[in-house]
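Here is a short note for a colleague opening this entry for the first time. Please keep the structure in view while reading.

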Amino acid sequence: MNHLDLGLTKQSMSDRFNYLYDRCREDIRSIRSLNAGKADIVLRNISQDLQTLEKYGDKELIERYKASLVLNLEQMYREFNYFK
C-alpha cells in the first residue's frame with residue numbers, strides 16, 4: 001500500500017481529494033465491474049461541479065465541496081482496489 005493510503009503522511013482535505021480523484025480517474029480504466037459505469041458518471045459530475053465553482057471563483061466554497069466528497073472518494077477508491 002501507498003504511504004498516503006495508510007495515513008502516514010498528513011494532507012489537507014483538498015490534497016487528499018485531489019489524490020483520490022486522480023487515482024479513481026486512473027483506476028476506472030482498468031476496472032471490470034458493473035459499477036464502473038456509474039462511478040465514471042459520478043466522477044464526470046464532480047468534474048463539472050468543480051468547473052462551475054471555479055467559474056464563480058469562490059475558493060472557500062471549492063474547499064468545502066472537496067472536503068464533503070473525500071469520504072465518498074475514499075470508499076470508491078477502496079472498492080476499485082478490491083476489484084483489481
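This is a predicted model: local features need pLDDT of at least 70, side-chain atom pairs count only at pLDDT 80 or more; totals for chains, interfaces and linings use all residues.

The points below go from the overall fold to the core and then to the pocket.

1. The fold is quickly described. The protein chain has three helices and zero strands. Read from the N terminus, the order is α-α-α. Among contacts with a separation of 6 or more, 61% join residues 24 or more positions apart.

2. Next, the surface. Of the 84 residues in the protein chain, 32% are buried. The accessible surface is about 6,100 Å². Carbon and sulfur atoms hold 51% of that area.

3. Now look inside. The largest nonpolar core contains 21 residues. F17, L43, I46, L73 and F80 have the most contacts within it. Helix 1 (13-27), helix 2 and helix 3 each give two or more residues to this core. Helix 3 gives the most, with eight residues.

4. Which residues does F17 contact, leaving aside its neighbours within four places in sequence? They are I46, L50, K66, L69, V70 and L73. Of these, I46 and L73 are also listed with F17 among the residues with the most contacts inside the core.

5. Last, the largest pocket. It holds about 210 Å³ of space. Its lining has 16 residues, and A39, N72, Q75, M76 and E79 lie nearest the centre. Helix 2 (36-56) and helix 3 (59-83) each supply at least two lining residues. Helix 3 provides the largest share, eight residues. By type, the lining divides into 10 nonpolar, four polar and two charged residues.

Note on methods. Residues are numbered from 1 along each chain as its sequence is written. Side-chain values use heavy atoms; hydrogens and water are left out. On a 1 Å grid over the protein atoms alone, a cavity is a set of points where a 1.4 Å probe fits but cannot get out, and a pocket is an open set with protein on both sides within 12 Å along at least five of seven lines; lining residues have an atom within 4 Å of a point. Grid points are joined across faces, edges and corners, and a volume is the space filled by probe spheres set on the points. Helices (H or I, at least four residues) and strands (E, at least two) are DSSP runs, numbered from the N terminus. Ala, Val, Leu, Ile, Met, Phe, Trp, Tyr, Cys and Pro count as nonpolar, Asp, Glu, Lys and Arg as charged, and the others, Gly among them, as polar. A nonpolar core is a set of buried Ala, Val, Leu, Ile, Met, Phe, Trp, Tyr and Cys residues joined through side-chain atoms within 4.5 Å. Buried means under 20% relative accessible area, exposed over 50%, partly exposed in between (1.4 Å probe, protein chains only). Contact means heavy atoms within 4.5 Å. Accessible areas come from the Shrake-Rupley method with a 1.4 Å probe; for residues, only the protein chains shown count as cover.
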